[in-house]
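Thank you for sending this model; my comments follow as numbered points, to be read with the structure open.

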Amino acid sequence: MKTVLIIDMSVYFRRAYYNRPTDPMGSLINAMETLVDVHHTYELIAALDAGRESWRNQIYPAYKGNRPPPDPAYSAVMPAMRRLLKIALKIPFYERIYFEADDVVGSLCAELPDTYQKIICSPDKDLMQLVNDERHISQLDTGWPMFLIERNVEDKIGVPPRAIPDLLAHG
């Protein structure tokens, strides 16, 4: 079975910048080299945010309205991080205007055949709702010591993946 690691790259970009604002490129390279070293037998695909506005803003204008605008220096380094990803690290990435990286991750999980093992690489709780043993979708949070399958999701947050939207909506 072919294994694909679908990376929520928006998380890694933010971590690279905010963990080491003086050298976000070096931080990103270190993070990606670690992923490649550990998961070198997997195909890597990155999902990116295409911009600050998404379809959610059209439905609910106040969506993420309480968040401050990104640091201008972070916005300025984004093109270089994208080039690094594509050219130096040779990790293909997918993005769509008005869609967040989470949406792209979900689309990739739906579009890739069930004959593939799909591993979502992200700490995002929202993405745990995609974990599905039957469809061969698991999640890897590099801060959690195991791949999350359906049983592990329930152990970690108390509900099965299918109940996560309700949990997050009410709590």
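**Notes on a buried glutamine, a helix and a pocket**

1. The model is a predicted one, and the side chain of Q139 reaches the backbone oxygen of S122 at 2.6 Å. That side chain also reaches the backbone oxygen of D124, at 3.2 Å, and Q139 itself is found in strand β5, which runs over residues 137–140.

2. Is Q139 buried or exposed? Its relative accessible area is 0%, so Q139 is buried, the cut-off for that term being under 20%. Leaving aside neighbours within four places in sequence, the residues in contact with Q139 include I120, P123, L127, M128 and V131, together with M146, F147 and L148.

3. Within α2, the buried residues are P24, G26, S27, L28, M32 and L35. Their cover includes the strands β1 (3–8) and β4 (117–121), as well as the helices α1 (9–19) and α4 (72–88).

4. The second largest pocket holds about 190 Å³ of space, and its lining consists of D102, D126, L127, Q129, L130, P165, L168 and A169. By class, 5 of these lining residues are nonpolar, 1 is polar and 2 are charged. Helix α7 (residues 164–170) gives the largest share of the lining, with 3 residues. L127, one of the lining residues, is also in contact with Q139.

Technical notes:
Residues numbered from 1 in each chain as written. Predicted model: local features only at pLDDT ≥ 70, side-chain atom pairs only at ≥ 80, totals over all residues. Heavy atoms only, no water. Helix = DSSP H or I, 4+ residues; strand = E, 2+ residues; numbered from the N terminus. Buried < 20%, exposed > 50% of the residue type's maximum accessible area, 1.4 Å probe, protein only. Polar contact = N/O pair within 3.5 Å; in protein donor to acceptor, adjacent residues only side chain to side chain. Contact = heavy atoms within 4.5 Å. 1 Å grid on protein atoms, 1.4 Å probe; cavity = no way out; pocket = protein on both sides within 12 Å on 5 of 7 lines; lining within 4 Å. Points joined across faces, edges and corners; volume = space filled by probe spheres on them. Nonpolar A, V, L, I, M, F, W, Y, C, P; charged D, E, K, R; others polar.
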